[in-house]
Amino acid sequence: MTVIVLSGPIGAGKSSLTGILSKYLGTKPFYESVDDNPVLPLFYADPKKYAFLLQVYFLNTRFHSIKDALTQDNNVLDRSIYEDALFFQMNADIGRATPEEVDTYYELLHNMMGELDRMPKKNPDLLVHINVSYDTMIKRIQKRGRPYEQLSHDSTLEDYYKRLLRYYKPWYDKYDYSPKMEIDGDKYDFMSSEEDREIVLDQIVDKLKEVGKLPMDWDKSTDIQIEA
Ligand SMILES: Nc1ncnc2c1ncn2[C@@H]1O[C@H](COP(=O)(O)OP(=O)(O)OP(=O)(O)O)[C@@H](O)[C@H]1O
Ligand SMILES: Nc1nc(=O)c2ncn([C@H]3C[C@H](O)[C@@H](CO)O3)c2[nH]1
């Protein structure tokens with residue numbers, strides 16, 4: 001079984017690359033609950049009131065996905081559980097959670113991580129992190145067009161998004177649950193450019209070979225068989 005998780009800020013391209021990668025590798029994609037998430041619009045309308053609820057909602061749905069993913073042979077998840085604390089910490093730091101909510105959240109997270117430890121596969125085999133600049137992030141958020149994420153909807157989002165990018169750098173540097181790699185999301189348009197898509201897929205395949213999850217002689221013409 002091989003588990004690949006994507007990470008990166010809002011609009012970095014995680015869901016898009018999850019789709020591309022899982023199709024390429026012939027594995028199952030697992031997506032974060034967004035369009036069917038009833039708490040997300042509430043959070044963007046009143047972050048202070050809903051930050052804790054949203055966090056618990058995401059943790060719960062993410063946990064479901066991970067459990068589902070572990071029943072499949074190979075899979076790609078569009079966001080890692082390890083980013084959940086990053087979001088909550090940032091929201092707590094800007095006063096959107098009470099100390100009691102912070103304590104409760106971390107206890108719950110710790111408890112759930114303990115459950116993961118008992119699962120057949122504790123950690124992913126590879127984390128693929130998509131780096132984007134603020135400008136790219138905003139362009140992609142606009143392109144995707146969820147109303148509540150737009151700067152025109154709420155000008156304080158500029159600060160929120162810039163802050164999020166600042167939290168991601170140390171988070172990625174510290175991440176050590178699995179091998180990891182970075183994709184340059186500013187440089188490669190893996191959505192519209194076939195050439196860019198191939199470069200990015202090659203980078204991921206090379207890393208999977210390096211960490212022993214694909215045979216060294218594997219190439220595109222071979223049937224895709226991720227090694228157990
Ligand atoms: N490398 C890229 N080049 C050009 N457009 C991209 C790229 N990656 C993503 N996009 C576009 O940017 C938008 C956001 O992408 P996507 O939904 O995959 O981001 P995400 O990281 O999953 O976001 P979120 O964290 O909000 O779920 C989409 O419209 C997608 O088509
Ligand atoms: N507050 C908060 N905590 C999370 O754990 C979290 N995970 C994702 N999101 C938001 C970002 C995008 O708008 C949208 C899709 O990623 O959901 C989060 N927001």
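Let me start with ligand 1, whose shell is made up of six nonpolar, six polar and seven charged residues, where Ala, Val, Leu, Ile, Met, Phe, Trp, Tyr, Cys and Pro count as nonpolar, Asp, Glu, Lys and Arg as charged, and the others, Gly among them, as polar. What we are looking at is a predicted model, in which local features need pLDDT of at least 70 and side-chain atom pairs count only at pLDDT 80 or more, while totals for chains, interfaces and linings use all residues. Residues are numbered from 1 along each chain as its sequence is written, and chains are lettered from A and ligands numbered from 1 in the order in which they are written.

Of the 19 residues around ligand 1, the ones that come nearest are Gly13, Lys14, Ser15, Ser16 and Arg140, and a residue is taken as near a molecule if its C-beta atom, placed from the backbone, lies within 6 Å of it. Helix 1 (14-25) and helix 6 (134-144) are the elements that give two or more residues to this shell; helices here are DSSP runs of H or I with at least four residues, numbered from the N terminus.

Turning to ligand 2, the residues that surround it are Ile10, Glu32, Val34, Leu40, Phe43, Leu54, Gln55, Phe58, Asp84, Phe87, Asn91 and Glu149. Two or more residues come from each of helix 2 (40-45), helix 3 (47-69) and helix 4 (84-93), and the shell divides into seven nonpolar, two polar and three charged residues.

An unreviewed UniProt entry lists Glu32, Tyr44, Gln55, Arg79, Asp84 and Glu149 under "binding site", with positions given in the numbering used here, feature names shortened, and annotations that may be inferred rather than shown by experiment.

As for contacts, meaning C-beta atoms, placed from the backbone, that lie within 7 Å, and leaving out residues up to four places away in sequence, Asp84 touches Gln55, Phe58, Leu59, Arg62 and Leu109. Tyr44, with neighbours within four places likewise set aside, is in contact with Tyr148, Glu149 and Asp154.

The axes of helix 3 and helix 4 come within 11 Å and cross at roughly 170°, so helix 3 is roughly antiparallel to helix 4. Axes are lines fitted to C-alpha atoms, for helices over the stretch in contact, with angles from 0 to 180 degrees between N-to-C directions, and angles under 35 degrees count as roughly parallel, over 145 as roughly antiparallel, 65 to 115 as roughly perpendicular and the rest as oblique. On the helix 3 side, Pro47, Ala51, Gln55, Phe58, Leu59 and Arg62 meet Asp84, Phe87, Phe88 and Asn91 of helix 4.

Finally, helix 3 also packs with helix 5 (residues 99-117), at an angle of about 5° and with the axes 11 Å apart, which means that these two are roughly parallel.

Methods:
Contact = placed C-beta atoms within 7 Å.
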